[in-house]
Amino acid sequence: VAAPPGFEEFVTFRSARLLRAAFQLTHDWALAEDLMQTALAKTWRAWSRLSGENDPEPYVRKIMFNTYATWWHRRWNHENPTDTMPDRSDALRPLGQIDDRDEVWRAIGRLPKRQRAAIVLRYFEDLTEAQTAEILDCSIGNVKSLTSRALASLRLDAAFRSEGASA
Amino acid sequence: MNVADLPGLMWQRAEDAPVPLLVESRVDAIRRKVIVGRQRTAASAVIAIALVLFGVVGLPRLDEKPTTTTGSSAKPVFPKLKGDYELLTTGHASLRSLPLTVTFTPTSLPVDFSTVCPKQDATTVISIELVVNGQDEGSGTCNDAPDVLFGPNDESRDDLVVGVPATATFSVEKTLRSHDTPPDTGANQSTPIPTPAGSLFVAVYQAVPVGQTSRPSSLPSLDAIAPLPYADVYSVVDSDPANPLAPRSFTFTYPKCPPSPESCIAMAVTSQTPGYLTVSVNGVAAGEFTFRGYQGYVDEVDFGAVRKSLHPKTGQTMTITVTPAAVSGGWQFAVAQPPPA
């Protein structure tokens with residue numbers, strides 16, 4: 001089966017960015033690759049009607065976030081080894097900072113999927129509430145609700161509390 | 001650290017990306033997913049046609065309770081009420097004789113699917129593929145406890161309609177034995193193994209149809225309303241304890257807000273029981289909120305549209321009216337100042 005025209009170019013130039021976003025959701029690079037490939041496979045099937053649009057990336061991102069939010073919960077719970085394994089870059093940071101940032105990173109990983117997706121879109125992808133709502137197929141009010149509940153959960157985390165819960 | 005540090009933390013973690021796959025390898029992997037998806041969709045279509053032509057599974061009439069391919073002998077491992085969802089139907093089949101097709105007729109949307117597989121050792125992964133109405137929904141691992149396959153965020157799909165029979169086909173995508181993952185590569189090493197013995201149990205759930213069902217008698221008591229997620233609450237109104245269906249109105253004074261008051265005012269509603277809460281501010285509709293469960297879920301009112309209509313000024317009295325419907329327990333509404341972004 002040949003890739004549709006333009007699809008390989010899209011993968012070449014956009015997959016690095018998509019993979020980083022997927023990693024924010026999965027906290028595991030192998031699973032992030034799997035998630036992104038799943039989203040791109042769905043995009044492949046829809047490519048003929050997307051190719052007339054200016055930029056298919058928003059569609060891919062929407063597919064990817066919704067695939068994550070609706071489907072991958074158990075697989076990642078089952079196979080995700082990162083809750084107990086430090087990232088490599090920890091070795092480069094001062095010890096106190098490792099504990100703090102690791103704790104927050106793990107707290108993000110414990111957020112419900114929709115809340116985590118909202119946090120990633122707002123704070124990693126730097127999207128507006130309206131753009132986030134478009135991707136998550138919900139209202140702006142719902143995005144605010146998801147975000148505020150996620151931040152409320154993170155504020156319960158010790159790492160946030162230690163600095164006075166200024167969030 | 002605080003919220004302002006979140007983007008930095010996320011980007012710092014993202015910098016540890018592994019060596020990227022060659023584009024050809026990635027496209028090949030995507031191609032394999034496309035081919036497998038097409039094969040499963042085709043197989044599902046053949047099964048669906050066979051079901052219709054040969055009556056392997058009788059589709060239930062619209063006024064019938066849903067039935068399963070496996071009759072009433074399915075092991076009752078699924079809870080009748082699961083959060084905002086109620087059990088619609090179940091089915092089971094030997095893992096080695098899949099696919100298993102379950103027919104169901106939702107009376108409420110969205111629907112949700114759950115699976116249970118035989119208990120395996122920690123390294124064995126059973127991946128179950130799901131096709132709904134001929135549409136490949138992807139796959140997920142199957143464990144020995146009920147879990148959600150795909151959840152309440154698929155309301156946009158147009159092939160699931162209330163009162164219209166639908167089919168869900170479950171098949172084994174793969175069975176693997178996973179190995180330790182090298183920490184520095186992120187590689188996911190695993191080897192295929194034969195499909196284990198035992199049965200796959202599946203369940204179809206649907207959202208609790210608000211206003212159409214009575215409160216489950218199995219619930220010993222209602223959960224307490226969760227605290228609203230803001231520290232600075234201006235005003236709170238609770239439902240009438242004697243009559244939670246009674247509308248309530250209250251007033252608050254619009255505070256001093258910055259010129260771009262995006263985060264100046266927030267409103268949140270929560271309900272202990274399924275039902276609807278309609279909110280208006282000075283007669284302007286601010287939203288209708290649907291609650292399906294008994295978990296005290298908090299939803300937020302988008303005040304932006306109200307602000308654009310009313311152009312409230314500092315010190316202005318705002319009258320908020322909350323009109324409930326179909327609730328059978330307490331609810332709460334609050335006007336609050338959200339945490340700074």
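Mentor: Let us begin with a definition: contact means heavy atoms within 4.5 Å. This is a predicted model, in which local features need pLDDT of at least 70 and side-chain atom pairs count only at pLDDT 80 or more, while totals for chains, interfaces and linings use all residues. Residues are numbered from 1 along each chain, chains are lettered from A, and side-chain values use heavy atoms, without hydrogens and water.

Trainee: With which residues is Met64(A) in contact, leaving aside its neighbours within four places in sequence?

Mentor: Met64(A) touches Leu18(A), Ala21(A), Ala22(A), Leu35(A), Met36(A) and Ala39(A). Met64(A) is also listed, with Phe65(A) and Leu136(A), among the residues with the most contacts inside the largest nonpolar core, which has 54 residues. A nonpolar core is a set of buried Ala, Val, Leu, Ile, Met, Phe, Trp, Tyr and Cys residues joined through side-chain atoms within 4.5 Å; buried means under 20% relative accessible area, exposed over 50%, and partly exposed in between, with a 1.4 Å probe and protein chains only.

Trainee: Why does Gly6(A) count as partly exposed?

Mentor: Gly6(A) has 31% relative accessibility, and therefore counts as partly exposed. Gly6(A) lies in the segment before helix H1 (7–26) of chain A; helices (H or I, at least four residues) and strands (E, at least two) are DSSP runs, numbered from the N terminus.

Trainee: Why are H6(A) and H8(A) called roughly perpendicular?

Mentor: Helix H6 (residues 113–124) and helix H8 (residues 140–155) of chain A pack at about 100 degrees, with their axes 8 Å apart. Axes are lines fitted to C-alpha atoms, for helices over the stretch in contact, and angles run from 0 to 180 degrees between N-to-C directions. Angles under 35 degrees count as roughly parallel, over 145 as roughly antiparallel, 65 to 115 as roughly perpendicular and the rest as oblique. H6(A) and H8(A) are therefore roughly perpendicular to each other.

Trainee: What joins Cys117(B) to Cys142(B)?

Mentor: The link is a disulfide, with an S to S distance of 2.1 Å; the term requires a pair of cysteine sulfur atoms within 2.5 Å. Cys117(B) lies in the loop between strands E4 (111–116) and E5 (124–132) of chain B, and Cys142(B) in the loop between strands E6 (135–141) and E7 (147–148), 25 residues apart. Both cysteines, Cys117(B) and Cys142(B), are buried. A search of the whole structure finds one disulfide over all chains.
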